[in-house]
Number of protein chains: 2
Amino acid sequence: MEQILFNYLSKYILLTDDEKKAILELDIFKQFKKGTQLLKEGELSDNGYFVIKGCIRTFYIVDGVEKTTEFYTEAESLEPLCKINKKTSDYFISCVEDSILMVADSEIEQEIFQKFPRFETLCRVLSEELLAKNKADFDDFKTSSPEQRYLNLFQSRPQLLQRVPQYQIASYLGLTPQSLSRIRKRLSVGAK
Amino acid sequence: MEQILFNYLSKYILLTDDEKKAILELDIFKQFKKGTQLLKEGELSDNGYFVIKGCIRTFYIVDGVEKTTEFYTEAESLEPLCKINKKTSDYFISCVEDSILMVADSEIEQEIFQKFPRFETLCRVLSEELLAKNKADFDDFKTSSPEQRYLNLFQSRPQLLQRVPQYQIASYLGLTPQSLSRIRKRLSVGAK
DNA sequence: TACATTTATTAACTAAAGTGAACGAACTAT
DNA sequence: ATAGTTCGTTCACTTTAGTTAATAAATGTA
């Protein structure tokens, strides 16, 4: 199970057995049932998440309607804004599937950075990389039509379309469920 | 001039005079004329930028048309994706105004981190914060209509609308210049 | 199994954005 | 000053998304 984590990290640094052991001893791998709310609007939490298995999503409720903005699957991590700016959250986090997550608060992070300073370098590099990638995704979104965005998602994360209800994909693409349904129809007819 | 940098950093850590001196001695403050291309599509660069004064933007050229996706003004910083993933750039970076920038490559960063380890913590914290904020901006974009996005920009960065040509704002909002022109008209008529 | 709820599709209609072209105003450069 | 760009607006037209509502299909649950 923890192999997902170590595999992911091995792309950046090779951990010693000591380091691996220290991580496992923190005992921060937790199981959650599908539908579990990890964070609610208005709450303040100090937890960050790394997905070992399963899928979680962030969503807003605008005029009573859910707007899903991001999905996190295996080997992806989420540091909620409320953890960083210490303000109550604008959004919800919940489990799209039964999931196994690493859950770490600032105290745990400090502890690790203290024991293994290399981890701080790792985290800096990782978040710089995530930032640049997120910018690239945002750029893509801005410069594409809804249809292109759907095709793009189809290319880059095909499994996601199987794992997640379509109305959540729709708002992830900045659309209503009806529009996404139409786009899919248009594409399937056009392809024939 | 360097006050812009030190002011910004003071929100996160208080620098000693030694540290300030060390930064200034790197001699990485550079001047650029409006229109200067800092990075071109297809190029590979190891430079990151921090804006002391002025404005720079990133843009793509898609089917011969410029698509501006981000603006960076005073006290904002840009680490291009090509610096991080070592692949040639998909986009251009150029100066919207005469600008004074801090330009730093990986070697310079290493040097600083070596001398002042606190800087690595700072950079980790900063990029985590930027990542969370960028996600929030992206969420906003996805959940808003073009008109709301324009109004939102009007609120959050009113000066930008004065400093930057409107066709660049348009693609920044994911629109054609014609659509933005219409939105502005609609809003000005509605306001009367 | 049967019932209730959630999710996806379809349709008719409205509103808004994309497209291509034209025009004038503003800015540059010589 | 003037010639040449660049930029913003407007227009007519096409395409696509939003909205509201109805229905069908799939899923979950007693």
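Mentor: The lining of the second largest pocket divides into 20 nonpolar, 10 polar and 15 charged residues. Here Ala, Val, Leu, Ile, Met, Phe, Trp, Tyr, Cys and Pro count as nonpolar, Asp, Glu, Lys and Arg as charged, and the others, Gly among them, as polar. This is a predicted model, where local features need pLDDT of at least 70, side-chain atom pairs count only at pLDDT 80 or more, and totals for chains, interfaces and linings use all residues. Residues are numbered from 1 along each chain as its sequence is written, chains are lettered from A and ligands numbered from 1 in the order in which they are written, and side-chain values use heavy atoms, with hydrogens and water left out.

The second largest pocket holds about 1,200 Å³ of space. Its lining has 45 residues, and the closest to its centre are Lys133(B), Asn134(B), Ala136(B), Asp137(B) and Tyr172(B). From chain A, strand S4 (56-62), H3 and H5 each give two or more residues to this lining. The largest share, 10 residues, comes from H5(B). Helices (H or I, at least four residues) and strands (E, at least two) are DSSP runs, numbered from the N terminus. A pocket is found on a 1 Å grid over the protein atoms alone, as an open set of points with protein on both sides within 12 Å along at least five of seven lines. A cavity is a set where a 1.4 Å probe fits but cannot get out, and lining residues have an atom within 4 Å of a point. Points are joined across faces, edges and corners, and a volume is the space filled by probe spheres set on them.

The largest cavity has a volume of about 670 Å³. Of its 31 lining residues, Ser77(B), Glu79(B), Glu109(B), Cys123(B) and Leu126(B) lie nearest its centre. H5(B) again leads, with 6 residues, the largest share of this lining.

Next, the chain contact. It takes 33 residues from chain A and 33 from chain B (heavy atoms within 4.5 Å). About 3,200 Å² is buried between them, 61% of it from carbon and sulfur atoms. Arg124(A), Phe138(A) and Lys142(A) supply 21% of the area that chain A buries against chain B, more than any other three residues. Buried area is the accessible area (1.4 Å probe) that two parts lose on being put together, summed over both.

There are 4 salt bridges between chain A and chain B. One of the salt bridges joins Arg124(A) to Glu120(B), at 2.5 Å, N to O. The rule asks for a side-chain nitrogen of Lys or Arg within 4 Å of a carboxyl oxygen of Asp or Glu. Over all chains the count is 32. Arg118(A) also forms one, with Glu19(A), the closest N and O atoms being 2.7 Å apart. Arg118(A) lies in helix H5 of chain A and Glu19(A) in helix H2 (residues 17-25) of chain A, so this pair ties together parts that are 99 residues apart in sequence.
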